[in-house]
Amino acid sequence: MVDRAAGPLSLPEDWPAPSDISLSLNRLGTFDWDLDSGLMHMDEPALGVFDLRRDEYDDRPASLLVRLPGDEGARLRAVVTRAAEDGRDAYGAYFRVRRRDGSLRWTHTQGSIRRGPDGLPHRIIGIVRDAAQELADSAARLELDDARRVRTSVVEGTTAALAHARTVQDVIDVLKESHGLEHLGASSVVMGLVESGRIHLVAEGPEGSFVPGTRVTRIDERYPMSEAVRTLGPRFIDSAADFAAGYPELWQHIDGLGITAAAYLPLIAQGRPIGALGLLYSDKSGFNAEDRNLLVALGSSIAQSLQRAMLFEQDHDLAEGLQQAMLPRRIPQVPGAQIAVRYRSARLGRDIGGDWYDVIPLPGGRIGAVIGDVQGHDTHAAAVMGQLRIVLRAYAAEGHEPATVMARASVFLHELDTDRFATCAYAEADLTTGVVQLVRAGHVDPLLRDTDGSCRRLPVPGGMPLGLSAMFGRLEYPVKTMELDPGQTLLMYTDGLVEAPGADLDDGLLELAELVRSGPHDLQVLADRLCEVVDERGGEDDVAVLLLRRRGAYVPQAGGRLQQRVPPRDPAALHSARQMIRAAVGAWGARERSDDIELAADELITNALMHTDDGAVVTVRVVSGAERRLRVEVEDRSSALPRRRELGEAGLSGRGLLLVDNLADGWGVESRGSGKSVWCEFVVPRGSVRAR
């Protein structure tokens, strides 16, 4: 919702807002972010917080990413976006900055959101500041002595940093990278988690300082960390002599490290121990009441953060397992095609969602390619996705035309007793002719990469998202028919590949087209590159990608088959059917008879549309036998059988069948329940497939 415009617009007259000299004197940097143009002015103190020179910053937020490690940029952008979308007037956030020397520093920012008469945010004015200095200055205002001020600010700063830790590794990074333990005077730190009656060390520092044989210990062993977990109380060791007397087995390994005191804190969450933290000191003697209270508070904060991180990882593992179970375990080898698929999970939330892809082998050398996205980012979205994927695959495998597949899937989702809807795109491709039939249910348009590398958007007239179209009784899904030449690539994807907060979808599509154009030719490498670009910009939505490239002309062993429904009074569908027949004629070696075949097929289709209100289903296929024949079938719901009218008979009806009889090598009529199928066949020489 922020940083909407890609190009520069007119800036406010008072932009950038003037910095108050008092802010600069107190080491507070300021910024002024014009959301309409995307420009963000930062004064010198603000650039200093990011350890950037003026010539390294071009007034665009993307220039700051070089100083934001890991997911910090995505997390900060999410905080700002949520505040803007929720209608709030201000926000605040702590985040880490990687300085020029490689060190990490915690930073704090606050922003005031300015909105226009339309209620939309147009500008953000705020401050940025070194978080450790902020906490230290706050403590100084309370007139604490220097030692107490440093210890208090470190505990507060560590607690603030831990509030943003999402994983156990994040917690460990905070403890090791914030230098807080060094400020407390500790020369070494160890942390262990309780698992199955044992304590497993998950962090130690400095690197390589752990005691051999203590990576995994039992809770009932004579170690201070085990005692802290066993008794649920802290264990303070005031001197080296106390350490040697209380824990001789451990002391013999650390006697040479110069340890003079130690504190072991139980990490307790909801009344049960989940681990322990050990701090070892080399220049300390004893712990006063204030020391003990601060360390106990630190242990409590770490414990709460660890529990949140462990629950998050459990949820993530569950959701990831569900997601992987729902996605296809393998993509089938399809003769005549190269296929690459990727799924990339989101970087925020539970890292899971309802995006999916599927490749469905169909008779006659055809394949179905599916890309879709169920609303939401949770295990429920993944579960709905799995059911929808299976149902859509079943409908396609039954031989239904693409529009029917989509409509039935929508009805299924509507009746699934869920409030979720889904967007989807389905492509049925015949690798023999290259004919592709596309339907779209509220999904983003696919792209087409040509053999020369150029890439363009494929506009597909679409219907409503799955579930919603059934709810509102709008189950019509127009079919777009196109030809995929050998070497051309169809790119299908979910919106996470082109959408970003505050960015325009059309701009995202243009950027994607340029990325595909300049990307590698190899499909697998190109798919990896697309996901890498999403990671680089800190993607906040999951992404599914399906790339389908047609190889050369392909002749299936059992002959080809194409099918399309032509509703009454639908010129576009009639044009698509003619295009399908023309492509089949060329691909199946019947070019010399193309005029005869197309004219005969047109007569059959026109005849069916004139005598029924339900439209017709047109099928083109290769029939193998003593002779290889191309067969055109037109099926309708009328039980009245056609009659060929001979020359000289009165009336016009039936003249078309006379023309079909003269053009085709054979024709006939078959009853089909309440309807019929009228067919005609043309001999096709073997081995005469068109080279393209």
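**Ground rules.** I worked from a predicted model, taking local features only at pLDDT of at least 70 and side-chain atom pairs only at pLDDT 80 or more, while totals for chains, interfaces and linings use all residues. Residues are numbered from 1 along each chain as its sequence is written, and side-chain values use heavy atoms, with hydrogens and water left out.

**Whole chain.** I looked up the secondary structure and found 19 helices and 26 strands; these are DSSP runs numbered from the N terminus, H or I of at least four residues for helices and E of at least two for strands. Of the 692 residues, 52% are buried, meaning under 20% relative accessible area with a 1.4 Å probe, protein chains only. I then took contacts (heavy atoms within 4.5 Å) between residues at least 6 apart in sequence, and 64% of them join residues at least 24 apart.

**Helix pair.** Next I checked how α12 (residues 379–397) sits against α13 (residues 402–414): the angle is about 145° and the axes are 9 Å apart. The axes are lines fitted to C-alpha atoms over the stretch in contact, and the angle runs from 0 to 180 degrees between N-to-C directions. I noted the residues that meet: α12 brings Val384, Gln387, Leu388, Val391, Leu392, Tyr395 and Ala396, and α13 brings Val405, Arg408, Ala409, Phe412 and Leu413. By class, that contact has 10 nonpolar, 1 polar and 1 charged residues. Here Ala, Val, Leu, Ile, Met, Phe, Trp, Tyr, Cys and Pro count as nonpolar, Asp, Glu, Lys and Arg as charged, and the others, Gly among them, as polar.

**Ala470.** Is Ala470 buried or exposed? I have it as buried, because its relative accessible area is 16%. Ala470 belongs to helix α14 (residues 468–471). Leaving out residues up to four places away in sequence, Ala470 touches Ser410, Val411, His414 and Leu475. I also looked back to Phe412, 58 residues apart along the chain, and the two C-alpha atoms are separated by 8.6 Å.

Terms used. Buried < 20%, exposed > 50% of the residue type's maximum accessible area, 1.4 Å probe, protein only.
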